[in-house]
Amino acid sequence: MEPLPHAMLETAPPPAGRGALVYAGDSGIKGRFVVVNPDASLEMLRQAFAGGATGIALTGCRTGADIQRLAVLLSVAEAEENLAEGSTPILAITDGILPAPVSPQGFSGKTTRLAGLVWDQRGLVKTLGVEPTRTESGECPPTFAAARAAVLLTAAAACIPAYDSASDLAGELFLADCDRSRDDGFFGRLASDPAQMAIIQTVYAGGRGSSGQARG
């Protein structure tokens, strides 16, 4: 599998389809993770391949069983589409309500397809019914901070990269937020606007951050 980039752009789902996370890898090859729900069918996966999917992003993930079910379906879909076994990576998108990282219900050791874990802050907003209000220093409310930390710990236990949620911030505020996120341990983040892609790729790859100084 091609190594994942630090930045992936969210696309809105078209009227008759599903959204996707798109990116251009270091080699210049464009990738497209089609987003599916935990109840995705074999036919949905075949449609995703027909639409050019290079990976599957599973939304609503909370346990390793969600990933295992998708991995089994992908094996069948790959065989039917004459694709190499295990060639389709999975991104797990979660609201951060997760089992203990090393518990039997966690993500560790469930499938080699699992390429990354994405924190979905908007999913947690929907679950809790409240919007997060950051402090002046940029810190999240305790509930959101705990879910965000759970994503980092779960990803670390599974030895996969963690992606931070998309942000509507812009300019220096967005740059500072990316700095903070990278320092917290995130490998990358989702972009809500194409203009954010280059900033994300630079900051999370260790380039210049909000301080204007080179990062190690």
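Helices (H or I, at least four residues) and strands (E, at least two) are DSSP runs, numbered from the N terminus. The model shown is predicted: local features need pLDDT of at least 70, side-chain atom pairs count only at pLDDT 80 or more, and totals for chains, interfaces and linings use all residues. Residues are numbered from 1 along each chain as its sequence is written, and side-chain values use heavy atoms, with hydrogens and water left out.

**Figure 1. Overall arrangement of the chain.** The chain contains six helices and eight strands. Read from the N terminus, its elements follow the order β-β-β-α-β-α-β-β-α-α-β-α-β-α. Of the 216 residues in the chain, 44% are buried (buried means under 20% relative accessible area, exposed over 50%, and partly exposed in between, with a 1.4 Å probe and protein chains only).

**Figure 2. The closed barrel.** Eight strands form a closed barrel in the order β1-β2-β3-β4-β5-β6-β7-β8, with mixed pairing; two strands pair if DSSP finds at least two bridges between them. Neighbouring strands of this sheet are turned against each other by 30 degrees on average, direction ignored (axes are lines fitted to C-alpha atoms, for helices over the stretch in contact, and angles run from 0 to 180 degrees between N-to-C directions).

**Figure 3. Strand β1 and its two partners.** β1 runs parallel to strand β8 (residues 188–191), and three bridges join them. Three bridges also join β1 to β2, but here the strands run antiparallel. Leu9 takes part on both sides: this residue stands opposite Ala191 in β8 and opposite Val22 in β2.

Figure 4. The pairing of β2 with β3 is antiparallel and comprises five bridges, with Ala20 having Val34 in β3 as its bridge partner. β3 runs parallel to strand β4 (residues 55–58), to which four bridges join it; in that pairing, Phe33 has Gly55 of β4 as its bridge partner. β4 pairs in turn with β5, in the parallel sense and over three bridges, and Leu58 stands opposite Ala92 in β5.

Figure 5. Together with helix α1 (residues 42–50), strands β3 and β4 make a right-handed β-α-β unit. A crossover is right-handed if, with the strands pointing away from the viewer, the path from the first strand over the helix to the second runs clockwise.

**Figure 6. The largest pocket.** About 510 Å³ of space lies in the largest pocket. On a 1 Å grid over the protein atoms alone, a pocket is an open set of points with protein on both sides within 12 Å along at least five of seven lines, whereas a cavity is a set of points where a 1.4 Å probe fits but cannot get out; lining residues have an atom within 4 Å of a point. Grid points are joined across faces, edges and corners, and a volume is the space filled by probe spheres set on the points. The largest pocket is lined by 27 residues, of which Val35, Thr59, Gly60, Ile93 and Asp120 are the closest to its centre. Two or more lining residues come from each of β1 (7–11), β2 (20–24), β3 (30–36), β5 (90–94), β6 (114–119) and α3 (121–128). The largest share, four residues, comes from α3. By class, this lining holds eleven nonpolar, nine polar and seven charged residues (Ala, Val, Leu, Ile, Met, Phe, Trp, Tyr, Cys and Pro count as nonpolar, Asp, Glu, Lys and Arg as charged, and the others, Gly among them, as polar).

**Figure 7. The second largest pocket.** The volume of the second largest pocket is about 400 Å³. Its lining comprises 18 residues, and the closest to its centre are Gln121, Pro132, Ala166, Ser167 and Asp168. α3 gives the most to this lining, with three residues. The classes represented are six nonpolar, five polar and seven charged residues.

**Figure 8. Two loop residues with positive phi.** Asn82, in the loop between α2 (64–80) and β5, has a phi near 60 degrees, a positive value in a residue other than glycine. Asn82 is exposed, with a relative accessible area of 73%. Cys159, in the loop between α4 (142–158) and β7 (162–164), is not a glycine either, yet has a positive phi of about 60 degrees. Cys159 counts as exposed at 71% relative accessibility.

**Figure 9. Asp184 in helix α5.** Asp184 belongs to helix α5 (residues 171–184) and is partly exposed, with a relative accessible area of 42%. Asp184 and Ala149 are 35 residues apart in sequence, while their C-alpha atoms are 8.8 Å apart in space.
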